[in-house]
Amino acid sequence: MKVASIVLSLGLLLGAAVVPRDRGPSVDREASREHRTSAALRKSLVIIVDGLRPDALHAAGAQHIESLIDGTFAPGYRGAYSPSAQAEEVTLSGPGHSSILTGVHLGKHGVASNAFDAKAGTFSGARYERYRDYFAVIEAARPELHTVRLVTWDATHSIPSGAGKAMLLKDDDAALALTAARILAGTHPDYPEDPDALFVFFSDTDNAGHQHGFSPARRGYLDAIRKVDEQIGSILSALKSRPDFAREDWQIVLTSDHGGAPDGRHDGGTPEKRTVPFLVTSRIATQGLMGGRPEIVDVAPTVLAHMGSTAPAVYDGRAQGCLHVVASGSQSGKAGRNRGERQPAGTTGKSSKGFENSPNRTDVYDSPPAGQRASIRFRPTEPPYIIPC
Ligand SMILES: [Zn+2]
């Protein structure tokens, strides 16, 4: 199936399933205030599933990932999703993982292949000293936070991390899931701290794709996706079992470093190799399909936006999946309509049926994050109708 028809059929399928949940402006306003006061409880989980094609993800019936997409993961959570996000032009894991972690394209981070520089101890050409992983940004801004990066590929583990704890569970997705679940539950013997930002990287899907072919029609590949979905389910279960889960404000981001082809290869940058899923689930995510084409470099700024850290100016990505609530009849309401933003219940805005983020939309803030220019300024007396992401 061509990517365009996959996207179209997914749009039709998900458009029906992920109709936005209408909430009145007063409720949204309350949510906005609540969000502003909950910074201490904001937490991040990033899940990378190596070599995951979006059409295969849906063909596999990955129920746990689907629950993040359709907003049934937990009460109060919503999923913003794209089945047509873009990996790097060079559809290899080294460049892809580097882009995900550093928020910049390979022209900046310098990793153009999986070639390993033994002397440097990491990918050849890497400029990680200049483009650090997003954990370094979080830790610099908020050193009191507990941050953990877990990976299964030793080459990815060689990417320097600013995380408080970086662990390699070599080639063992099951151990990775167990480790993540224990850390979330507070039962890991080597990591008793309560995590604020956690990154997990699964690799068996890539292995299965190489062996059976990356295709929604290859059983071995779909079996691997279902297996990793179960492992992700165990992590989500541990997350939801946390004593303070009801008060916490989690953002869960899921994507992949590349897709793949039925011949078992993923090098070459063709659409089926470059197209990946991109998911942001949180209390303020916009439920439905994202407009435009998110890129894997959007992971880092998306996490930083949630954690309240300013994205470095060098970043190529932008925050995705945020809910921009606009007030009826206000200046912000006009701005929202002009930019195709979601309309609160009771306004005349046309229901977007899932396509809620207009392509090329301009972010609006009631006060601009440090170092950024707001596209719209609001009167100081105006209540905060817009939730900055
Ligand atoms: Zn990969």
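View 1. Of the 389 residues in the chain, 52% count as buried, a residue being buried if 20 or more other C-beta atoms, placed from the backbone, lie within 10 Å of its own, exposed if 12 or fewer, and partly exposed in between. The model is a predicted one, in which local features need pLDDT of at least 70 and side-chain atom pairs count only at pLDDT 80 or more, while totals for chains, interfaces and linings use all residues. Residues are numbered from 1 along each chain as its sequence is written. The chain holds 14 helices and 10 strands, taken as DSSP runs (helices H or I, at least four residues; strands E, at least two) and numbered from the N terminus. Among contacts between residues at least 6 apart in sequence, 68% join residues at least 24 apart, a contact meaning that the C-beta atoms of two residues, placed from the backbone, lie within 7 Å.

**View 2. The largest nonpolar core.** This core has 91 residues, and those with the most contacts inside it are Leu 150, Ala 180, Val 200, Ile 225 and Ile 235; a nonpolar core is a set of buried Ala, Val, Leu, Ile, Met, Phe, Trp, Tyr and Cys residues joined through C-beta atoms within 7 Å. Helix α11 (residues 219–240) gives the most to this core, with 10 residues. Leaving aside residues up to four places away in sequence, Ile 225 touches Leu 52, Ala 56, Leu 57, Ala 60, Ala 62 and Thr 205.

**View 3. Leu 150 in strand β5.** Leu 150 lies in strand β5 and counts as buried because 22 C-beta neighbours lie inside 10 Å. Apart from residues up to four places away in sequence, its contacts include Met 167, Leu 169, Ala 180 and Val 200. The C-alpha atoms of Leu 150 and Leu 198, which are 48 residues apart along the chain, are separated by 7.7 Å.

**View 4. Helices α7 and α13.** Helix α7 (residues 134–141) and helix α13 (residues 299–307) pack at an angle of about 20 degrees, with their axes 10 Å apart, where axes are lines fitted to C-alpha atoms over the stretch in contact and angles run from 0 to 180 degrees between N-to-C directions. The angle therefore makes α7 roughly parallel to α13, a description used for angles under 35 degrees, with those over 145 counted as roughly antiparallel, 65 to 115 as roughly perpendicular and the rest as oblique. In this pair, Tyr 134, Val 137 and Ile 138 of α7 meet Ala 300, Val 303, Leu 304 and Met 307 of α13. The residues of this contact divide into 7 nonpolar, no polar and no charged, with Ala, Val, Leu, Ile, Met, Phe, Trp, Tyr, Cys and Pro counted as nonpolar, Asp, Glu, Lys and Arg as charged, and the others, Gly among them, as polar. The buried residues of α7 are Tyr 134, Phe 135, Val 137, Ile 138 and Glu 139, and what covers them includes α5 (93–102), β5 (147–151), β7 (197–202) and α13.

**View 5. Helices α10 and α11.** The axes of helix α10 (residues 204–212) and α11 come within 8 Å and cross at roughly 170 degrees, so α10 is roughly antiparallel to α11. By class, the contact of α10 with α11 has 5 nonpolar, 5 polar and 2 charged residues.
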